[in-house]
Amino acid sequence: MGRKNYLFVGSQTGGKSAAIAYTLIETAKLNGVDPQAWLAETLARIPDHKINRIDELLPWNAR
């Protein structure tokens, strides 16, 4: 994104959250997955998904 954008995250915790979000979005892009569609599907699947199968939700395993 850019260094100037990081000035507006609000706090250190906000910066960490932003870094996680940027990482997930860029990882989806690198794997040829639409980030918005993948994120919407993943957030919808989380409540019913087993914790020991969390790797199935990662972008490179997108359906």
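Visitor: Where is the place of His-49?
Guide: The structure shown is a predicted model. In this model, His-49 has its place in the segment after helix 2.

Visitor: Does His-49 count as buried or exposed?
Guide: A residue is buried when its relative accessible area is under 20%. The relative accessibility of His-49 is 18%, so His-49 counts as buried.

Visitor: Which backbone oxygen does the side chain of His-49 reach, and at what distance?
Guide: Leaving aside neighbours within four places in sequence, His-49 is in contact with Ile-54, Glu-56 and Leu-57. Its side chain also reaches the backbone oxygen of Arg-53, at 2.8 Å.

Visitor: Why are the buried residues of helix 2 on the same side?
Guide: Helix 2 spans residues 35-45, and its buried residues include Pro-35, Trp-38, Thr-42 and Arg-45. In an α-helix there are 3.6 residues a turn, so residues three or four places apart point the same way.

Visitor: Which exposed residues does the face turned away from the buried side of helix 2 carry?
Guide: What covers the buried residues of helix 2 includes helix 1 (12-30). The face turned away from that buried side carries the exposed residues Gln-36, Leu-43 and Ala-44.

Visitor: What is the area of the nonpolar surface patch made by Leu-39, Leu-43 and Ile-46?
Guide: Ile-46 lies in the segment after helix 2 and is partly exposed, with a relative accessible area of 42%. Together with Leu-39 and Leu-43, Ile-46 makes a nonpolar surface patch of about 260 Å².

How values were computed:
Residues numbered from 1 in each chain as written. Predicted model: local features only at pLDDT ≥ 70, side-chain atom pairs only at ≥ 80, totals over all residues. Heavy atoms only, no water. Buried < 20%, exposed > 50% of the residue type's maximum accessible area, 1.4 Å probe, protein only. Helix = DSSP H or I, 4+ residues; strand = E, 2+ residues; numbered from the N terminus. Contact = heavy atoms within 4.5 Å. Patch = residues over 30% accessible without salt bridge, like charges linked within 9 Å, V, L, I, M, F, W, Y side chains within 5 Å. Areas by Shrake-Rupley, 256 points an atom, 1.4 Å probe, with all protein chains shown as cover. Salt bridge = Lys/Arg side-chain N within 4 Å of Asp/Glu carboxyl O. Polar contact = N/O pair within 3.5 Å; in protein donor to acceptor, adjacent residues only side chain to side chain.
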